[in-house]
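Q: Please take a close look at one part of this model, and go through its surroundings in a connected way.

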Amino acid sequence: MMNFSILVCDDSAVARKQVIRCLNDCITADIRQAINGVDALALLKEQHFDLVCLDLTMPILDGVQVLEHIKAEKMECFVLVISADIQQQMQQRVAQLGVIGFIEKPVGKIILNNILHKFGIY
């Protein structure tokens with residue numbers, strides 16, 4: 001089986017651990033972590049990731065700015081937003097930037113699993 005690579009980007013270590021735990025329950029993958037948007041973009045330029053789990057509210061470079069870079073630089077990856085910011089306006093904004101889903105924190109295994117299945121990420 002091909003090795004699936006995932007980048008989990010969140011400025012909260014607790015949130016990253018929780019997302020990684022859920023991912024590990026759903027999928028076998030090589031998971032890397034980014035502590036902010038700048039870190040995430042550096043890793044995305046360095047290697048290909050099949051999936052990026054992205055928080056929106058981060059210092060320096062937020063999730064929306066990361067999405068804008070991914071789109072502008074035509075990086076090929078699925079992006080799943082995992083955020084506490086669930087305003088309709090924000091959901092529409094990230095949808096325009098091509099995210100495959102929007103999960104409210106804390107992430108649940110069932111919801112995550114459903115999105116992974118829906119997009120054939122398994």
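A: Start with helix 1 (residues 13-26), which lies across strand 1, strand 2, strand 3 and strand 4 and runs at about 170° to strand 2. Contact means heavy atoms within 4.5 Å. Angles run from 0 to 180 degrees between N-to-C directions, with axes fitted as lines to C-alpha atoms, for helices over the stretch in contact. Helices (H or I, at least four residues) and strands (E, at least two) are DSSP runs, numbered from the N terminus.

This is a predicted model, where local features need pLDDT of at least 70 and side-chain atom pairs count only at pLDDT 80 or more, while totals for chains, interfaces and linings use all residues. Residues are numbered from 1 along each chain as its sequence is written, and side-chain values use heavy atoms, leaving out hydrogens and water.

Helix 2 lies across strand 1, strand 2 and strand 3, at about 140° to strand 2. The sheet itself is open, with 5 strands in the order 2-1-3-4-5 and parallel pairing. Strand 2 (29-34) and strand 5 (101-104) are the edge strands, each pairing on one side only. From one strand to the next, the twist averages 20°. Two strands pair if DSSP finds at least two bridges between them. Strand 1 (residues 4-9) and strand 2 run parallel and are joined by 6 bridges.

Now the loop between strand 3 and helix 3, where D55 lies. D55 counts as buried because its relative accessibility is 3%; buried means under 20% relative accessible area, exposed over 50%, partly exposed in between (1.4 Å probe, protein chains only). Its contacts, not counting residues up to four places away in sequence, include C9, D10, D11 and K105.

D62 caps its N-terminal end, with a side-chain oxygen 3.1 Å from the backbone nitrogen of V64. The buried residues of helix 3 are G63, V64, V66, L67 and I70. Their arc around the axis is only 155°, so they sit on the same side of helix 3; the arc is that of the directions from the helix axis to the C-beta atoms. Their cover includes helix 2 (37-46), strand 3 (51-54), strand 4 (78-83) and helix 4 (88-96).

Methods. Polar contact = N/O pair within 3.5 Å; in protein donor to acceptor, adjacent residues only side chain to side chain.
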